[in-house]
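Subject: Structure handover

Hello,

Please find the structure below. My notes on it follow.

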Amino acid sequence: MHSDNSDIQVACFTLDDNIYAVDIMRIREIIKPQKLTSLPKAPPYVEGIINLRGSVIPVIDLRKRFDLPVREIDSAVRLLIVRVAKQLLGFVVDNVTEVITVPARDIKPPPQIAGGIGAQYLLGVCLFQEALIMLLNIDTIFTAREASELGLIGSMHGEG
């Protein structure tokens, strides 16, 4: 992952009552929710697509992906625009809280059961100011087939 003497900058966000983080190098931008175009026969976790400055981006509800209770969209909800396998995706999260720097040596392997989200979705966990932060592995959120389908969604409507 990282050498022991390096730091990693992560953007923290919440889902339910848990704090997650994604390496900021994977995030293109953080935006407010936008008008979605729904897609027929899309997987249940795909909310639809948005047009962001000419790029068509599938929007994924991480709550649905991780089988968490559905929550109403409020003013705190954000879309994390991230790059996964050469494809831009929008992740719906409850709230983006802060960007922090975590020493790589402080990142521990993920527990086998972590708040309902399987360890396969996590790079690791760390403590930051008494809060347990789960580092999301955005490359494992989707199976190869799902990633391929999402890539097709983006490319069918423009830039992929």
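Which residue in the hairpin of E1 and E2 takes a positive phi? Aspartate 16 does, with a phi near 60°, in a hairpin that has two residues between the strands. Aspartate 16 is a residue other than glycine, and at 32% relative accessibility it counts as partly exposed. Here buried means under 20% relative accessible area, exposed over 50%, and partly exposed in between, with a 1.4 Å probe and protein chains only.

Some background before the rest. This is a predicted model, in which local features need pLDDT of at least 70 and side-chain atom pairs count only at pLDDT 80 or more, while totals for chains, interfaces and linings use all residues. Residues are numbered from 1 along each chain as its sequence is written, and side-chain values use heavy atoms, with hydrogens and water left out.

The protein chain has two helices and twelve strands. Helices (H or I, at least four residues) and strands (E, at least two) are DSSP runs, numbered from the N terminus. In order, the elements read β-β-β-β-β-α-β-β-β-β-β-β-β-α. Of the 160 residues, 46% count as buried.

Strand E1 covers residues 7–15, and seven of its nine residues are buried. E1 is joined to E2 (residues 18–23) by six bridges and runs antiparallel to it; two strands pair if DSSP finds at least two bridges between them. In that pairing, threonine 14 has isoleucine 19 of E2 as its bridge partner. E1 is also antiparallel to strand E8 (residues 95–103), with eight bridges between them. There, cysteine 12 stands opposite glutamate 98.

A positive phi also occurs at glutamate 130, near 70°. Glutamate 130 lies in the loop between E11 (122–128) and E12 (131–136), and at 77% relative accessibility it counts as exposed.

Last, the pockets. On a 1 Å grid over the protein atoms alone, a pocket is an open set of points where a 1.4 Å probe fits, with protein on both sides within 12 Å along at least five of seven lines; lining residues have an atom within 4 Å of a point. The largest pocket is lined by 18 residues, and Glu47, Asp61, Ile73, Val77 and Val92 lie nearest its centre. Strand E5 (55–61), helix H1 (62–65) and strand E7 (87–93) each supply at least two residues of this lining.

Regards
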